[in-house]
Amino acid sequence: MACTKVDTKPWEVTQPLTKRDRVRSEVLERTPSWYNPWVHLAFPSLFGLSFIALALGWLHDVQWYEWAFVPLVLMLLNVNEWHIHRNILHRRTWPLEALFWRHTPEHHVIFVRDDMAMRSRQEFRLVLIPAYGIVAIFVTTLPITIALWMFASHNLAALFVACAMGYTVSYEWLHLAYHLPATNPIAKNGVLKRLSWQHAVHHTPELMQRWNFNVTVPFADWLLGTTYRGPLAD
Ligand SMILES: [Zn+2]
Ligand SMILES: [Zn+2]
């Protein structure tokens with residue numbers, strides 16, 4: 001535990017713009033020539049939406065207690081989002097260190113509370129999870145889907161897949177929306193503005209290791225007492 005704290009120390013201070021711009025250019029220079037931001041956004045969206053459609057097609061004669069399973073799963077996914085963000089994206093955790101390096105020293109150094117906007121579409125790459133991420137989520141949650149299919153009901157398995165895929169797609173779309181320039185019509189939406197402020201506070205380097213880990217709805221932050229309510233330095 002002590003070791004992980006030392007790991008993240010250098011990034012817990014807001015860097016001057018020149019340093020942040022340097023990191024930004026270094027990361028963008030590593031973008032492969034074949035990179036297409038629209039494909040990066042479209043692939044997880046289409047993958048997720050296709051599985052939601054397929055899963056909903058599997059539903060048959062859903063009972064009330066099966067529908068009641070949906071909010072429960074969404075709450076658990078929200079707590080899981082909090083856990084992955086706090087304990088994997090902000091702490092070097094074997095064997096997923098690559099996720100830490102991409103998030104804390106890159107995403108958090110480049111985007112800070114008062115400078116959250118992407119400057120070009122190429123910067124989708126600095127915000128979205130890798131395109132294969134949603135496939136990895138589908139595969140790693142497959143044991144739960146199979147267990148529900150075999151030991152509970154086919155409806156519960158289908159609803160679980162729809163929730164997990166829907167949650168992942170929402171995460172991607174919301175996170176991208178928070179990093180849009182303020183002039184973008186999507187960024188002007190009142191609900192998005194509130195959610196985006198919650199995430200912007202998390203982008204204060206001095207606060208990011210302890211507060212506001214939910215990127216979607218801040219339910220787990222509320223439940224686990226990690227919603228930041230203190231003062232904000234200029
Ligand atoms: Zn962010
Ligand atoms: Zn973070």
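**Close-up 1. Histidine donors around the zinc ion (ligand 2) in the predicted model.**
Histidine 103 and histidine 108 are both buried, where buried stands for under 20% relative accessible area, exposed for over 50% and partly exposed for values in between, computed with a 1.4 Å probe on protein chains only. The zinc ion (ligand 2) has His85, His90, His103, His108 and His202 as its protein donors, each through NE2 and lying 2.1 to 2.2 Å from the ion; donors are N, O and S atoms within 2.8 Å of the metal (3.2 Å for Na, K and Ca), and sites may look incomplete since water is not among the atoms. Along the sequence these donor residues are spaced H-x4-H-x12-H-x4-H-x93-H.
The model is predicted, so that local features need pLDDT of at least 70 and side-chain atom pairs count only at pLDDT 80 or more, whereas totals for chains, interfaces and linings use all residues. Residues are numbered from 1 along each chain as its sequence is written, chains are lettered from A and ligands numbered from 1 in the order in which they are written, and side-chain values use heavy atoms, with hydrogens and water left out.

**Close-up 2. The zinc ion (ligand 1) and its histidine donors.**
His107, His175, His179, His199 and His203 coordinate the zinc ion (ligand 1) through their NE2 atoms at 2.1 to 2.3 Å, and the spacing of these donors along the chain is H-x67-H-x3-H-x19-H-x3-H. Because histidine 175 lies in helix α9 and histidine 203 in the loop between α10 and α11 (219–223), the pair ties together parts that are 28 residues apart in sequence; helices here are DSSP runs (H or I, at least four residues), as strands are (E, at least two), numbered from the N terminus. Histidine 175 and histidine 203 are both buried.

**Close-up 3. Helix α9 within the structure.**
Helix α9 has 25 residues and reaches 36 Å from its first C-alpha to its last, close to the 36 Å expected at 1.5 Å a residue, the expected span being 1.5 Å times one less than the number of residues. Of these 25 residues, 22 are buried, so α9 is largely enclosed by the rest of the structure.

**Close-up 4. The largest nonpolar core and the contacts of phenylalanine 124.**
A nonpolar core is a set of buried Ala, Val, Leu, Ile, Met, Phe, Trp, Tyr and Cys residues joined through side-chain atoms within 4.5 Å. The largest such core has 28 residues, of which Ile110, Phe111, Met118, Phe124, Leu176 and Tyr178 touch the most other members. At least two residues of this core come from each of α2 (17–29), α5 (97–110), α6 (124–127), α9 and α10 (190–202), and the largest share, five residues, is that of α9. Leaving aside neighbours within four places in sequence, phenylalanine 124 is in contact (heavy atoms within 4.5 Å) with Tyr35, Pro37, Trp38, His40, Leu41, Met118 and Leu176. A second, separate core of eleven residues includes Val70, Leu156, Ala157 and Tyr167.

**Close-up 5. The buried face of helix α7.**
In helix α7 (residues 133–140), the residues Gly133, Ile134 and Phe138 are buried. Seen down the axis of α7, the buried residues fall within an arc of 140°, so they line one face of the helix, the arc being that of the directions from the helix axis to the C-beta atoms. These buried residues of α7 pack against α3 (37–58), α8 (142–152) and α9 (154–178). Phe138 also belongs to an aromatic cluster with Phe43, Phe47 and Phe51.

**Close-up 6. An aromatic pair in helix α11.**
Phenylalanine 219 and tryptophan 222 both lie in helix α11, three residues apart, which is about one turn of the helix. Rings of Phe, Tyr and Trp (its six-membered ring) pair if their centres lie within 6.5 Å, and planes under 30 degrees apart count as stacked, over 60 as edge-to-face and the rest as tilted. A search of the whole structure finds 13 aromatic pairs, including the tilted pair of phenylalanine 219 and tryptophan 222, at 6.0 Å centre to centre and 35° between the planes. Phenylalanine 219 counts as partly exposed at 22% relative accessibility, while tryptophan 222, at 57%, counts as exposed.
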